Amino acid sequence: MSRFRAKDERTRFSRGFGWLAALGVVLVIAGVVGLLYTGLATLTSMLLFGWLLLVGGVVGLMHAVQARGTGFFWLGTVVAALNIAAGAVILVRPEAAAVSLTLFAALLFLTGGVFRVVGSLVVRGPQFGWTLVQGVFGLLLGILVLNAWPSDSRYALGTFFSLALLFDGLGLIATGFGGRNVVGMVTEAQSAGRGPGGDASSAGRPGTERNAATGHRTAAGDAAEHEDRGRGGDVPPH
């Protein structure tokens with residue numbers, strides 16, 4: 001019964017990793033399409049962001065209503081109202097929202113790059129070179145986005161969104177195929193261990209016990225023979 005249960009578990013894990021790889025393929029395809037149509041990708045990302053804010057605000061408002069009478073009520077209500085308002089504005093004016101978020105992303109890249117460069121130069125830790133490269137890359141990216149703002153705001157967020165989908169999809173594909181390979185290796189190892197002569201703990205135990213018993217009897221006989229010889233030679237036959 002345990003063998004069948006383990007087989008079912010391996011099959012389920014293998015199927016789960018397969019679905020993970022399939023999801024990765026879908027994300028890679030979406031990322032490639034987004035890179036080809038960056039304007040559509042920007043509009044899609046804005047609509048998704050707006051709906052996420054709107055739904056999150058509604059859910060947060062429901063939690064705040066359930067927690068009325070506590071100190072969380074007013075804070076939860078204000079945060080939920082802000083999320084609902086921001087989601088509604090993004091859904092109504094996605095182009096203007098893309099311009100604003102592009103400016104925010106550029107400033108975020110600039111500040112993050114400055115902090116990474118300054119931190120790497122001051123601390124000089126074991127990851128000094130990699131942190132410095134990340135900081136310089138963030139500075140350059142922020143400068144490029146600001147230089148093209150607001151004319152290229154329609155394409156910047158779509159490019160970032162598509163690249164994120166592409167790399168996430170590649171990561172999921174690698175994880176899915178790697179997991180399936182690991183499950184296959186474990187299955188082969190367990191199958192080889194149950195084969196003829198493969199399980200040394202179960203197959204070799206009776207022979208070992210017989211050899212041990214024979215060795216004990218031989219040792220006992222030799223000890224008795226030496227003892228008899230020490231007492232006066234060979235024992236006369238009866």
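**Entry 1: S120**

I began with S120, which sits in helix α4. Helices here are DSSP runs of H or I with at least four residues, strands are E runs of at least two, and both are numbered from the N terminus. The model is predicted, so local features need pLDDT of at least 70 and side-chain atom pairs count only at pLDDT 80 or more, while totals for chains, interfaces and linings use all residues. Residues are numbered from 1 along each chain as its sequence is written, and side-chain values use heavy atoms, with hydrogens and water left out.

Is S120 buried or exposed? S120 counts as buried because its relative accessibility is 4%. Buried means under 20% relative accessible area, exposed over 50%, partly exposed in between, with a 1.4 Å probe and protein chains only. I then listed what S120 touches, leaving out residues up to four places away in sequence: F128, T131 and L132. Contact means heavy atoms within 4.5 Å.

**Entry 2: helix α4**

I checked the length of α4 next. Its 30 residues should span 44 Å at 1.5 Å a residue, and the end C-alpha atoms are 42 Å apart, which agrees. The expected span is 1.5 Å times one less than the number of residues. The buried residues of α4 include P94, T102, L110, G113 and V117. R124 follows α4 and has a positive phi, near 55°.

V114 also lies in α4. V114 counts as partly exposed because its relative accessibility is 41%. L139 is 25 residues from V114 in sequence, and their C-alpha atoms are separated by 6.8 Å.

**Entry 3: helix α5**

I repeated the length check on α5, residues 128–148. Its 21 residues should span 30 Å at 1.5 Å a residue; the end C-alpha atoms are 31 Å apart, so the two agree. I noted G135, G138, G142, V145 and A148 as the buried residues of α5.

**Entry 4: the core**

Which residues make up the largest nonpolar core? I found 6: M46, L53, I90, A97, A98 and L157. A nonpolar core is a set of buried Ala, Val, Leu, Ile, Met, Phe, Trp, Tyr and Cys residues joined through side-chain atoms within 4.5 Å. Two or more of these core residues come from each of α2 (38–66) and α4 (94–123). I90 touches M46, F49, G50, L53 and A97, again without residues up to four places away in sequence.

**Entry 5: the pocket**

I turned to the largest pocket, with about 250 Å³ of space. Its lining is S45, M46, F49, L101, F104, A105, L108, F109, L157, F160 and F161. α2, α4 and α6 (153–193) each supply at least two of the lining residues. Which helix gives the most? α4 does, with 5 residues. By type, the lining has 10 nonpolar residues, 1 polar and no charged.

**Entry 6: T38**

T38 is in helix α2. T38 is buried because its relative accessible area is 15%. Beyond four places in sequence, T38 touches R154, Y155, G158 and T159.

**Entry 7: whole protein**

The protein has 8 helices and 0 strands. Of its 238 residues, 21% count as buried. Among contacts between residues at least 6 apart in sequence, 78% join residues at least 24 apart.

Notes
1 Å grid on protein atoms, 1.4 Å probe; cavity = no way out; pocket = protein on both sides within 12 Å on 5 of 7 lines; lining within 4 Å. Points joined across faces, edges and corners; volume = space filled by probe spheres on them. Nonpolar A, V, L, I, M, F, W, Y, C, P; charged D, E, K, R; others polar.
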